[in-house]
Amino acid sequence: MKERRMRTRVSINFELDIVVKGEKINVQTNNISMTGVSFISPHHFKVGEHCIIDLYLSRKAHLSIKAKILRSQNQETIASFLEMNEESFFHLKRLIQFNTSDPDQIEKELDKPAF
C-alpha cells in the first residue's frame, strides 16, 4: 500500500489536554506531525467532533490547536489539525524538527500543500 501521508510524523511521548465541549481530558501522545496527532486515552472520542489540543512545552511555550477527531478506537485516537496561531505553528515545527532525523525535511514539506 502506498504511503499517503504528506508530513513527517515523529514518535513522541507527551501529556497533553484535549478540550471537548468544555471538558479537559488528559491524554498521552503516540506521535505528532504538522497536520495531526495520535494519542492514547481510555476516553472514547466521537469521530467528527471538534476539540482544542493544549500542549505545554514549558511555562512560556504553549501550543493551542483547533482540531477534529478523525478516528477513535481501542484507546487510540487520531486528531487532524484545523487551525493554529503563528506561535503554536512555530513551536510545533521546532518540536518536530528537534525530534526527527532530518530537520531540513520539515522545511521542504512546508513548501508543498498537505492536502
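In what order do the elements of the protein chain run from the N terminus on? They run β-β-β-β-β-β-β-α-α. This is a predicted model, in which local features need pLDDT of at least 70, side-chain atom pairs count only at pLDDT 80 or more, and totals for chains, interfaces and linings use all residues. Residues are numbered from 1 along each chain as its sequence is written, and side-chain values use heavy atoms, with hydrogens and water left out.

**View 1. The whole chain, with its two helices and seven strands.** Helices (H or I, at least four residues) and strands (E, at least two) are DSSP runs, numbered from the N terminus. Of the 115 residues in the protein chain, 42% are buried; buried means under 20% relative accessible area, exposed over 50%, and partly exposed in between (1.4 Å probe, protein chains only). The chain exposes about 7500 Å², with carbon and sulfur atoms supplying 49% of that area, as computed by the Shrake-Rupley method with a 1.4 Å probe, where for residues only the protein chains shown count as cover. Among contacts (heavy atoms within 4.5 Å) between residues at least 6 apart in sequence, 48% join residues at least 24 apart.

**View 2. The one aromatic pair of the structure.** Rings of Phe, Tyr and Trp (its six-membered ring) pair if their centres lie within 6.5 Å; planes under 30 degrees apart count as stacked, over 60 as edge-to-face and the rest as tilted.

**View 3. T29, a buried residue in strand β3 (residues 23-32).** T29 has a relative accessible area of 4%. Its side chain reaches the backbone nitrogen of F14 at 2.8 Å, and a polar atom of that side chain lies 2.8 Å from the backbone oxygen of I12. A polar contact is a pair of N or O atoms within 3.5 Å; within protein, one must be able to donate a hydrogen and the other to accept it, and residues adjacent in sequence count only if both atoms are side-chain atoms. Leaving aside neighbours within four places in sequence, T29 is in contact with residues including L16, V37 and F39.

**View 4. S41 in the loop between β4 (36-40) and β5 (50-56).** A polar atom of the S41 side chain lies 3.0 Å from the backbone nitrogen of H43. Beyond its neighbours within four places in sequence, S41 is in contact with I25, V27 and Q75.

**View 5. Strand β7 (residues 76-84) and its antiparallel partners β4 and β6.** Two strands pair if DSSP finds at least two bridges between them. Five bridges join β4 to β7, and the bridge partner of F39 in β7 is T77. Eight bridges join strand β6 (residues 62-73) to β7, with I69 standing opposite A79.

View 6. Most residues other than glycine have a negative phi. K21, in the loop between β2 (15-20) and β3, has a positive phi of about 50° and is exposed at 73% relative accessibility. N74 also has a positive phi of about 50°, and its place is the hairpin of β6 and β7, which has two residues between the strands. N74 is exposed, with a relative accessible area of 75%.
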